[in-house]
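The sequence and the model are shown first, and the description follows.

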Amino acid sequence: MGQYHHENQNLVSRAGKTNGNPGWSYSVLDVEIDRGCHQLKPNNLCIAGSSTENIPLYEFNEVPMWLQHNPYVVSGYRSLLPGSLCLKSLFVWSNESINIWSHLLGFMIFVVLMIYDNAIGVPNHNGSWSDHIIVTLGVLCYQFCMVCSAGYHVFVCHSERASKRWLAVDLTGISIGIIGCYLPAVHYAFYCLSIWRDIYLIIISLLSVAVLVLQLHPHFFHHSWARTRILLYCSLVGYGIIPTVHWVLLSGGLHTELVKLFLPKVTVMYILGVIAFVFYLSKFPERCCPGRFDYLGASHQWWHVTVVVACLWWHDSITSIMDYRIQNPCIS
Ligand SMILES: [Zn+2]
């Protein structure tokens, strides 16, 4: 992005004076924190002023290649916005509005749920301090996932470099979100089988760290790696079938009380996961009617909403298995 030069690759760096943005500025995660740059001239240079009405929106073929992810979303693109206008664009109806707000609202819901769980939910179930920690860790992971995703969609239009950096943030959030699903589930499912609980927690931690390390590969965020990335996250989610089947066998089969309680919830969770990935991969419904779902109803928006619903469902499922464990202590 011409007028915003970057001096180094650091997460936080001093960018110095720039042509369109007088004064010192800093970049955080490759988004330049600009001062007083609230309005754009036609050539994208900053001028003084403050109004969300001045944020222009573009058609698909007018934006740079690195913003052209989905040819079936034809209009409503923000492009090359300074950091301050990226934030202001939260209040502009663009093709990213639902993507941003679905996960910002999801984040807020999980903040409220975290307070509720610790103040009312866990104490009402007579939970111990370890129940507080496990439930809170799970919800914190969902919050991290949601806020990283919202951040990606806010800042993706800033510059090519920022879009890559925030894609890394978004994908890291997904990895942490998946850990947040596994951690409490394995803890309560294998509650009375602590050796298996520890083994599965270690395996899941190692797999998640392996995915995070793979992100350091120079080609990881390249378009050509899109399918590999999806396959990797599908594998991380799909791996959960192994401990699930093992847990059913160790628990005494399909007719035991706990399996009847928890297995349908696991099944619904996987169905929600499949629905989310089908939206993500198929680009349905916009591929059937390009341009019609630019602002509302596009596949990525359904993917976001399904992720929030899945996390809420899993939070409720974890609460019910926690309650079962408290009511039915382990027989030593
Ligand atoms: Zn997204």
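H153 touches E96, N99 and I100, when residues up to four places away in sequence are left out of the count. The model in which this contact is seen is a predicted one, and H153 itself lies in helix α3, which runs over residues 129-155. With 26 other C-beta atoms within 10 Å, H153 is buried, because 20 or more such atoms are enough for that description.

The interest of H153 comes partly from the record: the UniProt annotation "binding site", taken from an unreviewed entry, covers H153, H300 and H304. Although these residues span 152 residues in sequence, no two of their C-alpha atoms are more than 11.3 Å apart, so they gather at one spot. H300 lies in helix α9, which comprises residues 299-327, and H300 is buried as well, with 21 other C-beta atoms within 10 Å.

| Helix pair | Residues | Angle | Distance between axes |
|---|---|---|---|
| α2 and α3 | 97-124 and 129-155 | about 165° | 8 Å |
| α4 and α5 | 160-189 and 194-214 | about 175° | 10 Å |

For α2 and α3, the angle of about 165° is over 145 degrees, and the two helices are therefore roughly antiparallel to each other. In this pair α2 passes α3 in a left-handed crossing, and the contact of α2 with α3 has, by class, 15 nonpolar, 9 polar and 2 charged residues.

The helices α4 and α5 are likewise roughly antiparallel to each other. Where they meet, T172, S175, I178, I179, Y182, V186 and H187 in α4 face R197, Y200, L201, I204, S208, V211 and L212 in α5 as contact partners. By class, this contact of α4 with α5 has 9 nonpolar, 4 polar and 1 charged residues.

The UniProt annotation "transmembrane region", again from an unreviewed entry, covers residues 98-116, 132-155, 167-187, 199-218, 230-250 and 262-282. Over residues 98-116 the chain in the model is 100% helix and 0% strand, with the end C-alpha atoms 26 Å apart. Over residues 199-218, by comparison, the chain is 80% helix and 0% strand, and the end C-alpha atoms there are 32 Å apart.

Technical notes:
Residues numbered from 1 in each chain as written. Predicted model: local features only at pLDDT ≥ 70, side-chain atom pairs only at ≥ 80, totals over all residues. Axes fitted to C-alpha atoms, helices over the stretch in contact; angles between N-to-C directions. Helix = DSSP H or I, 4+ residues; strand = E, 2+ residues; numbered from the N terminus. Parallel < 35°, antiparallel > 145°, perpendicular 65-115°, else oblique. Contact = placed C-beta atoms within 7 Å. Nonpolar A, V, L, I, M, F, W, Y, C, P; charged D, E, K, R; others polar. Left-handed = near helix turned anticlockwise from the far one by under 90°. UniProt positions renumbered as here; feature names shortened; annotations may be inferred. Buried ≥ 20, exposed ≤ 12 C-beta atoms within 10 Å, placed from the backbone.
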